Amino acid sequence: MDLGAVIIAVAGVAGTLGGSFLTQPAAERARRRELELVRDQDELREYLLLRRTCYAELNRDARQFTTALNHHLHLLREGAVEEAHRDALDEAKRAHRDRYSTAQMIAPDDVLASARVCVTS
């Protein structure tokens, strides 16, 4: 075996080993980036679900408060307001305020502005 063939063989082996050492960190970085993207997508999905749930609950409680308020006004006109009716109205208002305070942590200002009308009533 001549010296040239040995050099070529050593260079070939070194190139093969060196290539694997160089591609392994790049593959690891790509794997890490892919995991980060999946994690980011999961976080976004969870956040959107949280917002959707918050909006639905805020809307429900605002409607229930509006309904309780209208019912109470009808009872006032009839002169038939009892303590239980006042308690029901207070409970609906309390539920809406609690939901609104939760929404303040999640919802953007334009959504809160729409919901604020009921809270300040």
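This is a predicted model: local features need pLDDT of at least 70, side-chain atom pairs count only at pLDDT 80 or more; totals for chains, interfaces and linings use all residues.
Close-up 1. L48 belongs to helix α1, which covers residues 3-78. L48 has a relative accessibility of 42%, so this residue counts as partly exposed.

**Close-up 2. The largest nonpolar core**. Eight residues build this core. They are C54, L58, Y100, A103, I106, A107, L112 and A115. Three helices take part: α1, α2 (83-103) and α3 (109-119). Each of them supplies at least two of the core residues.

**Close-up 3. The surroundings of I106**. I106 is a member of the largest nonpolar core. Which residues does I106 touch, leaving aside its neighbours within four places in sequence? The contacts are Y47, L50, R51 and C54.

**Close-up 4. A salt-bridge network around D61**. Side chains of opposite charge can pair when their charged atoms come close. Here, salt bridges link E57, R60, D61 and R99 in a network. Within it, D61 pairs with R60. The closest N and O atoms of this pair are 3.2 Å apart. Are the two partners buried or exposed? D61 counts as buried because its relative accessibility is 5%, under the 20% limit. R60 stands at 38% and therefore counts as partly exposed. In the model as a whole, the count comes to eight salt bridges.

**Close-up 5. The salt bridge between R86 and E83**. The side chains of R86 and E83 meet with an N to O distance of 3.7 Å. Both residues lie in helix α2. They are three residues apart, about one turn of the helix. R86 is partly exposed, with a relative accessible area of 39%.

**Close-up 6. The salt bridge between E91 and R94**. E91 and R94 are three residues apart in helix α2, so about one helical turn separates them. E91 counts as partly exposed, at 44% relative accessibility. R94 is also partly exposed, with a relative accessibility of 44%.

How values were computed:
Residues are numbered from 1 along each chain as its sequence is written. Side-chain values use heavy atoms; hydrogens and water are left out. Helices (H or I, at least four residues) and strands (E, at least two) are DSSP runs, numbered from the N terminus. Buried means under 20% relative accessible area, exposed over 50%, partly exposed in between (1.4 Å probe, protein chains only). A nonpolar core is a set of buried Ala, Val, Leu, Ile, Met, Phe, Trp, Tyr and Cys residues joined through side-chain atoms within 4.5 Å. Contact means heavy atoms within 4.5 Å. A salt bridge is a side-chain nitrogen of Lys or Arg within 4 Å of a carboxyl oxygen of Asp or Glu.
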